[in-house]
Amino acid sequence: ISSMNSSSTQRCPLAKGLVSIAALVNSAEETPQPVSTHIKGTIPSWINGSFLRNGPGKFEFGKDNHWFDGMAMMHRFYVKDGDVTYNSSFLRSDSYTKNSEKDRIVVSEFGTIAMPDPCKNIFARFFSRFKLPQATDNASVNFVKYKGDYFVSTETNYMRRVDPDSLETKEKVDWTQYVAVNSATAHPHYGRDGATYNMGNSYGKSGFFYNIVRVPPQETEGDGAKEDVADLYGAKVICSIPASEPRRPSYFHSFVMSENYIVFIEQPIKLDMLKAMLYQVQGKSFNKIMTWDPKCDTIFHLVNRHTGECSAVRYRGEPMFTLHQINAYEEGGCLVMDMCCGDDGAVIGDFTLENLRRGGEELDKFYNSMCRNLPRRYVIPLTVDEDTPMDQNLVNLSLCTATAKKTGPGEVYLTYEELFNDELLQYGGLEFPQINYAENNGRPYRYVYACGFGHVFSDSLLKMDVRTKELKAWRHHGLFPSEPVFVPAPNATEEDDGVVMSVIINPKEDKSTFLLVLDAKTFTELGRAEVPVNIPYGTHGQS
């Protein structure tokens, strides 16, 4: 099945009478010392370790506007011998400290511009608008690892190293001190050799570039203890991809990686650099310079991740929006890419606190206007040259309906396969995808675990078989799950041998959050650990 006439939003059911989610975006108190949880059912005794989550947790700084702008709050569930404890901490970023002191946004965030100090005189306030905004270190998106160390990250050039047990905030790490990039994503990929890959921007007189960065594995130091400092030494840019439009580069949140290739997806969410300078003067925030431009094709830049060589072939597809890839692998001379996609990239700027705290018909109206993301499969033929025939489908994989056709010298046009059946539409689409990453990242796979979005925030957990497109679901009215994380069982012999864990929030009841543990194979509940504190809705994390 190729491109459909109706959008993903139009194909999903309209909502009516949605439950209020205002409680999911209220500030929470931190829990610095681990507290016990109440276990219902059984938490498998073989699960031992930390389940870490990140996300916005404090919103009361002046005119906080956007959900993304809440101060980062880190959460840790420690599981051992069938018991679970919970602790949390605000990230002590410079942004958090300065905002706390001034009781307003001092460092600009995604949807909230830092306004001049009201105590300054009118001339100082006027000229301060012409300074470039300082990047925030409010790392509220994800937990990531480099050379064995844990960091929390966002989408600027700053990360914060953290202690994964105590959640203590350690030093601020500036990517620009190690490699020539001005930002980095919060979704790196991990190679089997221990190296970590990421992407960042750079811009200057020669234009705007998307850069692929490789951080080498941790060096073995023999019997010596590892020094307690951040270590990104050895990081280098392995490929720089010039933006198709230097003054209007594309926004990106993640990228595709298989065993031998990286694909950067240049999508029609554009950042207007000239408008950015103007908006700084006008006091408008970063999200206002992002525009969805459906006149632009999606461009897939194919890079050999071992040599850094970028393919001379330009792979294109119709306009689409994507935040998260599911998996990618090579088969039959092709690169198969599965990702969550939508037909309207304007959605990111809509997650204002005002919208999220709506009630009644206003909340229904907001949800029904949103784009739904659905899983799609694109396939890139890896050997395209001057002898490749024109206008013939170059994808010859069995049971795959995605196509790739050479349309001109060095040009290939891709159409996708819908990686689902109509049952998924009843769950509002699929996002926050996770797989058995340790075993199947970059390799052929069968199962994806994700959230269904029958509400503004996810209201179901899903398991999908990408071969048969069959679904299993966990859904209870009024409960809101976080991104699921797969944990393999000891000595697992099958891809779905293990458990899926997710943090579940009930906005109708005080202190009713729990850690849910599902059997990954059957997708039935094994147990839950009820937490005696309130937890706000989060973003990403890892086990």
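Me: In which loop does K469 lie?

Reply: In this predicted model, K469 lies in the loop between β28 and β29 (471-474). The backbone there deserves attention: K469 is not a glycine, yet its phi is positive, at about 65 degrees.

Me: Is K469 buried or exposed?

Reply: The general idea is to compare the relative accessible area with a cut-off, buried meaning under 20%. K469 has a relative accessible area of 18%, so K469 is buried.

Me: Where is L167 found, and what is its phi?

Reply: L167 is found in the loop between β8 (158-162) and β9 (169-174). L167 is not a glycine either, and has a positive phi of about 65 degrees. Its relative accessibility is 1%, and therefore L167 counts as buried.

Me: How many residues does the largest nonpolar core have, and which of them have the most contacts inside it?

Reply: One reads such a core as a set of buried residues joined through side-chain atoms. Here the largest nonpolar core has 48 residues, and those with the most contacts inside it are V263, F300, Y315, M337, Y378 and I380. Several strands each supply at least two residues of this core, among them β15 (261-266), β18 (298-304), β20 (321-331) and β22 (374-381). The strand that gives the most to the core is β21, with seven residues.

Me: Which residues does V263 touch, leaving aside those up to four places away in sequence?

Reply: With those sequence neighbours excluded, V263 touches F255, V256, F300, H301, L302, L335, M337 and I380. A second, separate core is also present; it has 33 residues, including F59, C451, W474 and I504.

Me: In what order do the six strands of the open sheet run?

Reply: Strands of a sheet pair through backbone hydrogen bonds, in either a parallel or an antiparallel sense. In this open sheet the order is β14-β15-β18-β19-β24-β23, with mixed pairing. The edge strands, β14 (256-257) and β23 (403-408), each pair on one side only.

Me: With which residue does the side chain of R316 meet in a salt bridge?

Reply: Side chains of opposite charge can pair when their charged atoms come close. The side chain of R316 meets that of D297 in a salt bridge, at 3.9 Å from N to O. R316 is in strand β19 and D297 in the loop between β17 (290-292) and β18, 19 residues apart. R316 is partly exposed, with a relative accessible area of 23%, and D297 is partly exposed at 29%.

Me: How many salt bridges does the structure hold?

Reply: The structure holds 32 salt bridges. One of these joins D94 to K172, with the closest N and O atoms 2.8 Å apart. Because D94 lies in helix α2 (residues 94-102) and K172 in strand β9, this pair ties together parts that are 78 residues apart in sequence.

Me: How far apart are the closest N and O atoms of D465 and R446?

Reply: They are 2.6 Å apart, in a salt bridge between D465 and R446. D465 lies in strand β28, whereas R446 lies in the loop between α7 (437-440) and β27. D465 is buried, with a relative accessible area of 8%, while R446 is partly exposed at 25%. Elsewhere, salt bridges that share partners join E245, R248, K270, D293 and K295 into one network.

How values were computed:
Residues are numbered from 1 along each chain as its sequence is written. This is a predicted model: local features need pLDDT of at least 70, side-chain atom pairs count only at pLDDT 80 or more; totals for chains, interfaces and linings use all residues. Side-chain values use heavy atoms; hydrogens and water are left out. A nonpolar core is a set of buried Ala, Val, Leu, Ile, Met, Phe, Trp, Tyr and Cys residues joined through side-chain atoms within 4.5 Å. Buried means under 20% relative accessible area, exposed over 50%, partly exposed in between (1.4 Å probe, protein chains only). Helices (H or I, at least four residues) and strands (E, at least two) are DSSP runs, numbered from the N terminus. Contact means heavy atoms within 4.5 Å. Two strands pair if DSSP finds at least two bridges between them. A salt bridge is a side-chain nitrogen of Lys or Arg within 4 Å of a carboxyl oxygen of Asp or Glu.
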